[in-house]
Each structure stands twice: as structure tokens, then as C-alpha cells.
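Let's take a friendly look at the aromatic rings here, and at how they pair up. Please have the sequence and the structure open as you read.

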Amino acid sequence: MINPINNATQELMRLVFSELEAAINSDVLSYFGPIVDGNESAFLDVIETIAAEAKSETLSVILTTGGGSAMAVERYVNIIRKHYERVNFIVPDYAYSAGTIFCMSGDEILMDYSSVLGPIDPQVKNKEGKFVPALGYLDKIDELIDKAKKNILTNAEFLILKDFDLAELRAYEQARELTVSLLEKWLVKYKFKNWNKHSSSDKAVSMQEKTEKAKDIATKLGDNKEWKSHGRPINIEELEKLGLKIEDFSNNKELREPIRKYYNLARDYMVKFNIPILIQTRKFL
């Protein structure tokens, strides 16, 4: 039996999404929720379905996420870029950790004045199968090793260091290396591809300069000592200080209103029906 309330809510979601897609004037994918391993095949189906009837060479990704797997992000980017020449990310509220990494694969990043990204602290599954921020563990291990070198390690700290799984530690290091390498590659290939001249002069921007800039941004976004917390919000002003160009749509009423309207509706829809991950296109809900 069809629930008329559920059906009406879905129809409203489709209507508001259609208004949003018209305002953005590109194909649109909405992704709301954690980025987890294992959903790549479903994501592939969604992208191939909309790309088969693409109305634009540009895909705009409305992204809201607390983070997740960098490896899943890498596969998502490979899938999207197979079908779309240009990809823009729109962050109405927040995109942390793996979400920030995802955004760095875009040609443009659009944010509201209250929107935030986060440090690229990769989340890795521990022995209990729970996602944990890798950099926090690595920083603590470095701290304990430094204390051991100075002969000021306490007995309790020695036990922590002694019992730490070396294979698990290596997985954290590899996750950190992966996030940095992805940012360096994607920033140069996509975000910086039209950065041809320095803003302060007519001097051409070399590939080496693009690479060095990407590496600097990746290093700063991955500096856990700077941000102090895995969930530290980084706003437009801070991101631009790092050297990222962000498109601020705060004062663009024609764009901001449909984005906020859709975001509020999607958030309420997920809460009402207890949906952990919401993916929507004009062909899929």
C-alpha cells in the first residue's frame, strides 16, 4: 500500500530539486550523508543514469557530509570525471574530512558565508571496525616517541606505545599519504587548470608553481596541530588565506534561495524517514 504522505513528500523533493537544477543551469547531484566504502556500484548507476540524458557538460554536486573514506572519494571522482568535463561543488552547510577532499576535485567550489569545510584528517577503520581520525593517532604516537627519546615517557604511556598495532599505524600513515597525494593531483588537474597568470602581474603560472601551491594547500589542510580538531570548521576566509579561490554565493539571491530551500527540505526529509544517506538527481530519489 502506498503511503500518501511519503509519496507527497517525495514529489515535493522532486519539485524543489527541479527548481534548484534550473537555477544552477547544469546537471545536479545531491549527496547528503557519510562517504562510505561499498556504495561505489550504486553511485556508478546513479551517475550513468543521469549522464545518459545529460543536459549539460557540467555537473554540480550539492555536498553535505561529515566525511568518511578517501578511497571511496577517489572512486567517486573517477566515475564522475568519466562523464562530465566540468564539475562544481556547492556546499550549503558543511563538508568535512573526505568531503573536503571531494571538493578539491572540483573546477569550482561554491559556499555560503556560513558554510565550512574541514581539515583533511582521513578516517580509517580501527580493529573494532569504527571510523577514527588517523591524524590524531599519528600525532599521539609521534608525541610518545619524542618523550621516549627524551627519557620522560611514563609507565602508562609506555604501555600505550607498546600495545599499539604497527599494521594499524601503517594504515593510518597510508591514509594520510593518500589524502595529500589526491589533493595535489586534483588541485593541479582541475582547480588550477585555468590559473594561467598571476593576479599581481601578467607573468605566466608554471606547472611547477601549480604543483607547489597544491602541495602547500594539502600540507596546511592536513596539519592537525594547526586545526586542533578533526571537526574544526574552516570558513571561506580561512580557505582563501590558504590560497583556495572560493565562489561566495551569499549575496546571489537567485542561487542562494533555491539552494537553502532544497537543503532544508532534504535535511528534514532524512530526519523524518531516518535515512542515513540521501542521493538525488532528476532521475533518482
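## Aromatic pairs

The ring-pair count comes to 9 aromatic pairs in this predicted model. Let's take two of the pairs in turn.

## Tyr76 and Phe102

The ring centres of Tyr76 and Phe102 are 6.1 Å apart. Their planes meet at 50°, so this pair is tilted, because stacked pairs need planes under 30 degrees apart and edge-to-face pairs need over 60.

Where do the two residues lie? Tyr76 belongs to helix 3 (residues 70-83) and Phe102 to helix 4 (residues 98-103), so the pair ties together parts that are 26 residues apart in sequence. Tyr76 is buried, at 1% relative accessibility, and Phe102 is buried too, with a relative accessible area of 1%.

## Phe192 and Trp195

Turn next to Phe192 and Trp195, whose ring centres are 5.4 Å apart. With planes at 65°, the pair is edge-to-face, because the cut-off for that class is over 60 degrees.

Are these two residues buried or partly exposed? Phe192 is buried, with a relative accessible area of 6%, whereas Trp195 counts as partly exposed at 24% relative accessibility.

## A cluster, and a charge over a ring

Which residues do ring pairs link into a cluster? They are Tyr31, Phe43, Tyr76, Phe89 and Phe102, so you will meet the tilted pair of Tyr76 and Phe102 again here.

Finally, have a look at Tyr190: Arg81 lies over the face of this ring, at 3.6 Å from the ring centre.

Terms used. Residues numbered from 1 in each chain as written. Predicted model: local features only at pLDDT ≥ 70, side-chain atom pairs only at ≥ 80, totals over all residues. Heavy atoms only, no water. Phe/Tyr/Trp six-rings, centres within 6.5 Å; stacked < 30°, edge-to-face > 60°. Helix = DSSP H or I, 4+ residues; strand = E, 2+ residues; numbered from the N terminus. Buried < 20%, exposed > 50% of the residue type's maximum accessible area, 1.4 Å probe, protein only. Lys NZ or Arg CZ within 6 Å of the ring centre and 35° of its normal.
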